[in-house]
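I opened the model today and kept notes as I went. Here is what I looked up, entry by entry.

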Amino acid sequence: MPLTPLDIHNKEFNKGFRGYDEDEVNEFLDNVIKDYELIIREKKELEEKLNEMNSRLGHFTNIEETLNKSIVIAQEAGEEVRRNAQKEAKLIIKEAEKNADRIINESLSKARKIALEIEELKKQSKVFRTRFKMLIEAQLDMLNTDDWDHLLEYELDSTELKASAREEEDSLA
């Protein structure tokens, strides 16, 4: 068990025949007591500081652990976000490819339909041209017939025309 300043103060020494000077020993013991009390106080203060530092160290250790956990959680969350973004990007690309394929197929189908319509219109224009040509040729044939010459040979008397015009006027009135 360690000595206390009180133990030093209360210590009694046996007196011998030519012993030490009692005042000198008491003075020395008083100095030892003061120094010992000072050391004990310093020790107590240092222990308090050590406890405070240990407490702060524990606090900072907790903060460090919390930060490390937060970093790990943030990294995991970032990784999860990255994975989700990649999945979403793949889905968007697949959807875009599907839409592109659909649009291409619709465009090809429309192009085929238009090509068929163009061919049909070409056929119809050939038929129309042929019929129109036949109609014109028939009209030309009619113009080239002798019937026209025969009509020109008719002669009408102008008095007959005037009389028939009056008859028409009278019948209308």
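**Arg83 and its partner.** I looked up arginine 83 first, and with 35% relative accessibility it counts as partly exposed. My cut-offs are under 20% relative accessible area for buried and over 50% for exposed, with partly exposed in between (1.4 Å probe, protein chains only). Arginine 83 is in a salt bridge with glutamate 80, and their closest N and O atoms are 2.6 Å apart. I call it a salt bridge when a side-chain nitrogen of Lys or Arg is within 4 Å of a carboxyl oxygen of Asp or Glu. Why are glutamate 80 and arginine 83 separated by about one helical turn? Because they sit three residues apart in helix α2. Glutamate 80 is partly exposed too, at a relative accessible area of 35%.

**Ground rules.** I am working on a predicted model, where local features need pLDDT of at least 70, side-chain atom pairs count only at pLDDT 80 or more, and totals for chains, interfaces and linings use all residues. Residues are numbered from 1 along each chain as its sequence is written, and side-chain values use heavy atoms, with hydrogens and water left out.

Is lysine 98 buried or exposed? I have lysine 98 down as exposed because its relative accessibility is 55%. Glutamate 95 has a relative accessible area of 40%, so I put it down as partly exposed.

I also checked glutamate 119, which bridges to lysine 122 with the closest N and O atoms 3.7 Å apart. That pair is in helix α2 as well, three residues apart, about one turn of the helix. Glutamate 119 is partly exposed at 42% relative accessibility, and lysine 122 is partly exposed at 44%.

**Overall layout.** I count four helices and zero strands in the protein chain. Helices here are DSSP runs (H or I, at least four residues) and strands are E runs of at least two, numbered from the N terminus. Buried residues come to 2% of the 173 in the chain. The accessible surface is about 16900 Å², and 58% of it belongs to carbon and sulfur atoms. Those areas are Shrake-Rupley values with a 1.4 Å probe; for residues, only the protein chains shown count as cover.

**Surface patches.** Which residues gather in a patch of negative charge on the surface? I found Asp21, Asp23, Glu24, Glu27 and Asp30 there. A patch takes residues with over 30% relative accessible area and no salt bridge, joining like charges within 9 Å and nonpolar side chains (Val, Leu, Ile, Met, Phe, Trp, Tyr) within 5 Å. Asp and Glu count as negative, Lys and Arg as positive, and His and the chain ends are not counted. I place each charge at NZ of Lys, CZ of Arg, CG of Asp or CD of Glu. Aspartate 21 is in the loop between α1 (5-10) and α2 (22-143), and it is partly exposed at 44% relative accessibility.

I then found a nonpolar surface patch of about 600 Å², made by Phe128, Phe132, Leu135, Ile136, Leu140 and Leu143. Leucine 135 belongs to helix α2 and is partly exposed, at 46% relative accessibility.

**Threonine 4.** I looked in the segment before α1 and found threonine 4 there, partly exposed at 31% relative accessibility. Threonine 4 and glutamate 37 are 33 residues apart in sequence, with 8.1 Å from C-alpha to C-alpha.

**Confidence check.** The mean pLDDT (the predictor's confidence in each residue, from 0 to 100) is 87 for the chain, and 90% of its residues reach 70 or more. Where pLDDT is low, the predicted coordinates should not be read in detail.
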